[in-house]
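Biologist: I'd like to learn how to read a model like this one, feature by feature. Could you walk me through it?

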Amino acid sequence: MELVHTTISRYFRFITLSHRWGKGEPSLRDVEGHRIYGMSVRGGIRKLQMFCNIAFERDYLWAWSDTCCIDKDCSAELQESIGAMFTWYRGSALTIVYLADVPDTGSFDGSEWFRCGWTLQELLAPNSILFYTQNWSLYKNLTSSNHKADVAVQRELERVTGINSRFPINFSPGMDEARLKLQWASSRRTTLPEDIAYSLFGIFNVHLPVLYGEPAENALGRLLAEIISQSEDISVLDWI
């Protein structure tokens with residue numbers, strides 16, 4: 001039974017992609033019924049192809065990218081996906097972080113990935129991460145199997161994000177350190193203002209309705225009310 005469990009678990013391991021969206025990102029409708037490697041190299045298709053190549057080279061059979069693995073035309077699926085996003089990244093065997101604005105000889109400084117609201121949970125949730133630069137080279141040629149466990153990367157992440165290095169390598173979602181978590185998010189931005197609240201649902205392990213079109217202050221207010229209700233700690237508002 002142990003052999004059966006190990007074999008089946010290996011077959012269903014999956015790898016996730018974390019990245020900043022650019023122009024021409026492929027949707028579910030764009031890739032449905034197509035062979036990824038046979039598609040025209042335009043917009044985000046090349047990024048998807050390179051990500052799938054890495055998954056294959058690292059012996060994974062399943063690869064997940066948010067741009068084309070969610071049916072955004074279905075509001076119910078979109079709502080479910082936002083609620084499950086943290087769990088998916090936590091359950092992945094590996095997350096590939098693609099830093100499109102970091103040259104091969106560059107550093108984390110200045111990368112938009114560290115200013116995006118959604119990528120905060122994509123830094124904290126996975127157990128294993130590998131950073132790739134603009135030309136799909138491993139960051140600083142680090143060949144370790146998990147850059148989160150690399151001491152030099154830990155120091156650099158702490159400097160760039162302001163997040164103590166103990167959190168990315170051992171993060172638990174929930175109400176603990178609620179004020180601190182809100183501080184981490186306060187300097188980040190999202191394309192849609194209300195997403196700054198939605199992107200924190202998984203970090204706080206809360207399940208609230210996603211109501212696109214609502215004012216950002218309403219979305220954040222609902223989140224703060226839930227945090228205070230569960231934690232019974234009004235001091236979380238001090239981060240403001």
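Biologist: Let's begin in the middle of things. Leaving aside neighbours within four places in sequence, which residues is serine 81 in contact with?

Modeller: Contact here means heavy atoms within 4.5 Å. By that rule serine 81 is in contact with Ile70 and Trp88, once its neighbours within four places in sequence are left aside. A word on the ground rules: this is a predicted model, where local features need pLDDT of at least 70 and side-chain atom pairs count only at pLDDT 80 or more, while totals for chains, interfaces and linings use all residues. Residues are numbered from 1 along each chain as its sequence is written, and side-chain values use heavy atoms, with hydrogens and water left out.

Biologist: Where is serine 81 found, and is serine 81 buried or exposed?

Modeller: Elements first: helices (H or I, at least four residues) and strands (E, at least two) are DSSP runs, numbered from the N terminus. Serine 81 is found in helix 4, residues 75–91. For burial, under 20% relative accessible area is buried, over 50% is exposed, and in between is partly exposed, with a 1.4 Å probe and protein chains only. Serine 81 has a relative accessible area of 3%, so it is buried. Its C-alpha lies 9.7 Å from that of cysteine 69, twelve residues apart along the chain.

Biologist: How do I read the length of a helix, say helix 3?

Modeller: The expected span is 1.5 Å times one less than the number of residues. Helix 3 (residues 45–57) has 13 residues and reaches 18 Å from its first C-alpha to its last, close to the 18 Å expected.

Biologist: Which residues of helix 3 are buried, and what covers them?

Modeller: An α-helix has 3.6 residues a turn, so residues three or four places apart point the same way. In helix 3 the buried residues are Ile45, Lys47, Leu48, Gln49, Met50, Phe51, Cys52, Ile54 and Ala55. What covers them includes strand 1 (14–19), helix 2 (28–31), strand 2 (62–64), strand 3 (94–98) and strand 4.

Biologist: What comes just after helix 3?

Modeller: Aspartate 59, which takes a positive phi of about 70°. Tyrosine 60 is found in the loop between helix 3 and strand 2. Tyrosine 60 counts as buried because its relative accessible area is 13%. Not counting residues up to four places away in sequence, tyrosine 60 touches Arg13, Phe14, Ile15, Ala55, Ala93 and Leu94.

Biologist: Where do asparagine 141 and asparagine 205 lie?

Modeller: Asparagine 141 lies in the loop between strand 4 (129–132) and helix 6 (151–161). Its phi is positive, about 55°, although it is not a glycine. At 63% relative accessibility, asparagine 141 is exposed. Asparagine 205 lies in the loop between helix 10 (201–204) and helix 11 (216–231). Phi of asparagine 205 is near 55°, again positive in a residue other than glycine, and at 45% relative accessibility this residue is partly exposed.

Biologist: Now the rings. How many aromatic pairs are there?

Modeller: Rings of Phe, Tyr and Trp (its six-membered ring) pair if their centres lie within 6.5 Å; planes under 30 degrees apart are stacked, over 60 edge-to-face, and the rest tilted. The count comes to 16 aromatic pairs. Take phenylalanine 108 and phenylalanine 114: the ring centres are 4.9 Å apart and the planes at 50°, so the pair is tilted. Phenylalanine 108 also forms a tilted pair with phenylalanine 131, at 4.9 Å centre to centre and 55° between the planes. Phenylalanine 108 lies in the loop between strand 3 and helix 5 (118–124) and phenylalanine 131 in strand 4, so this pair ties together parts that are 23 residues apart in sequence. Both phenylalanine 108 and phenylalanine 131 are buried. Ring pairs link Phe108, Trp113, Phe114, Phe131 and Tyr139 into a cluster.

Biologist: And which domains does the assignment give?

Modeller: Domain bounds come from an automatic or database domain assignment. For this chain that gives domain 1 (1–171) and domain 2 (173–239). In contact across them are 21 residues of domain 1 and 21 residues of domain 2.
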